[in-house]
Amino acid sequence: MTNRKGVLYVVATPIGNLQDISERAIATLKSVSRIAAEDTRHSARLLSHFGIGTPLVALHEHNEREVTPLLLNMLAAGDDLAMISDAGTPLISDPGFCLVRAARAAGFRLVPVPGPAACIAALSVAGLPADHFVFEGFLPARPVARRRRLEELKGESRTLVFHESSHRIVECLGDMAEILGGDRPAVIARELTKVFETIESGGLATLLAWLQADPNQQKGEFVVLVQGRPQAGEGTLDEATRQVLAVLVTELPLKQAAALAAKITGRSKNELYAQALEMKKEDR
Ligand code: SAM
């Protein structure tokens, strides 16, 4: 008898182009006792394409509370399991959170087998700042809630990344243009890795007009990326911040002055350091 516990592999699968599956994903999916899949019929096609005969068990948002304890029992009995979603990385706007949280809480080993995620693929080609970004997933379907969320995001300075479906892409772009501003730079990444892959950049109003002009561009799956709002007076300081920094640079070394001013004002340390340097130069 063995008391080895099973391992839960969280495996990413392609978002369109089947060649994007990794060798490690195939080997893992072949080696485990069972694969928990969002839609077993959909995944059966993918698995048969790669000659993977591992039995499937359905795990989706409607049954994850009942199925999770059964999967934990299998792990406890020493069975290795894999979890996949219909496309891309599980948990990223996809089921799996309940199982992952429960498996971690129960002390099982979890191993990611990374691969495609539409939001990351889109960010990698959008030409918008990708050093800091906010992944928002799907906006609410109801117009009032969607518009409220966009209002909340209006002042966000990091790149905003959204998932959107063909049903709501036009409405969604319309609300974004109105609330975030028609001139705000944005990118629509449509049907990534598929035949009709399209990556279009422009202001939100221009992108909306482009979508409306061609119903073919409204089909498929979308990632919408929107540049963050420049911070008020980015590059220049408001008077209150300037005064705080001016006092601190007379008392402290530049680095410390910038760090303290950043704490007091909430602005970026790097920006304040650059401004503090300028102040020192002006004093000479
Ligand atoms: N887990 C997936 C991932 O890692 O990309 C996301 C699943 S979510 C249910 C489906 C949404 O992801 C779509 O509505 C779309 O916003 C985005 N998406 C998935 N595949 C895509 C693709 N090939 N091109 C553009 N967006 C895609």
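So, the shell around the ligand: strand S10 gives the largest share, three residues. Strands here are DSSP runs of E with at least two residues, helices are runs of H or I with at least four, and both are numbered from the N terminus. Before I go on, this is a predicted model, where local features need pLDDT of at least 70, side-chain atom pairs count only at pLDDT 80 or more, and totals for chains, interfaces and linings use all residues. Residues are numbered from 1 along each chain as its sequence is written, and side-chain values use heavy atoms, with hydrogens and water left out.

Back to the ligand. There are 19 residues around it, and Ile-92, Asp-94, Ala-118, Leu-192 and Phe-222 come nearest. To be near, a residue needs one of its heavy atoms within 4 Å of the molecule or strand in question.

Now the polar contacts, meaning pairs of N or O atoms within 3.5 Å; within protein, one atom must be able to donate a hydrogen and the other to accept it, and residues adjacent in sequence count only if both atoms are side-chain atoms. Phe-222 has a backbone N or O atom 2.6 Å from an oxygen atom of the ligand. On the nitrogen side, a polar backbone atom of Ala-87 is 3.1 Å from a ligand nitrogen, and a backbone N or O atom of Ile-15 is 3.0 Å from a nitrogen atom of the ligand. And how much of the ligand does the protein bury? Taken alone, the ligand exposes 560 Å², and the protein buries 92% of that. Those areas come from the Shrake-Rupley method with a 1.4 Å probe, and for residues, only the protein chains shown count as cover. The elements that give two or more residues to the shell are strand S7 (159-165) and strand S10 (221-226).

Let's stay with Ile-15 for a moment. You'll find Ile-15 in the loop between S1 and H1. Is Ile-15 buried or exposed? Ile-15 is buried, at a relative accessible area of 11%; buried means under 20%, exposed over 50%, and partly exposed in between, with a 1.4 Å probe and protein chains only. Leaving aside neighbours within four places in sequence, Ile-15 is in contact with Ala-87, Gly-88, Pro-116, Ala-118, Ala-121, Leu-192, Thr-193 and Lys-194. Contact there means heavy atoms within 4.5 Å.

Thr-28 has a relative accessible area of 8%, so it counts as buried. Not counting residues up to four places away in sequence, Thr-28 touches Tyr-9, Val-11 and Val-113.

Okay, salt bridges. The structure holds 13 of them, each being a side-chain nitrogen of Lys or Arg within 4 Å of a carboxyl oxygen of Asp or Glu. Take Asp-80 and Arg-4, whose side chains meet at 2.9 Å, N to O. Asp-80 sits in the loop between helix H3 (64-76) and strand S4 (81-84), and Arg-4 in the segment before strand S1 (7-11), so this pair ties together parts that are 76 residues apart in sequence. Asp-80 is buried at 17%, whereas Arg-4 is partly exposed at 41%.

Then there's Arg-149 with Glu-136, where the closest N and O atoms are 2.9 Å apart. Arg-149 is in helix H6 (residues 143-153) and Glu-136 in strand S6 (residues 133-138), 13 residues apart. Glu-164 and Arg-168 make another salt bridge, with closest N and O atoms 3.9 Å apart. Glu-164 is buried at 5% relative accessibility, and Arg-168 is partly exposed at 26%. There's also a network: Arg-146, Arg-147, Glu-171, Asp-175 and Glu-178 are joined by salt bridges that share partners.

Next, some backbone angles. Most residues other than glycine have a negative phi. Leu-91, though, has a positive phi near 80 degrees, and Ser-93 has a positive phi near 55 degrees. Leu-91 is in the loop between S4 and helix H4 (97-105), and Ser-93 lies in the loop between S4 and H4 too.

Last stop, the surface. Which residues form the nonpolar patch? Ile-92, Ile-120, Phe-133 and Phe-135 do, with about 310 Å² of accessible area together. Patches take residues with over 30% relative accessible area and no salt bridge, joining like charges within 9 Å and nonpolar side chains (Val, Leu, Ile, Met, Phe, Trp, Tyr) within 5 Å. Ile-120 is in helix H5 (residues 118-126) and is partly exposed at 44%.
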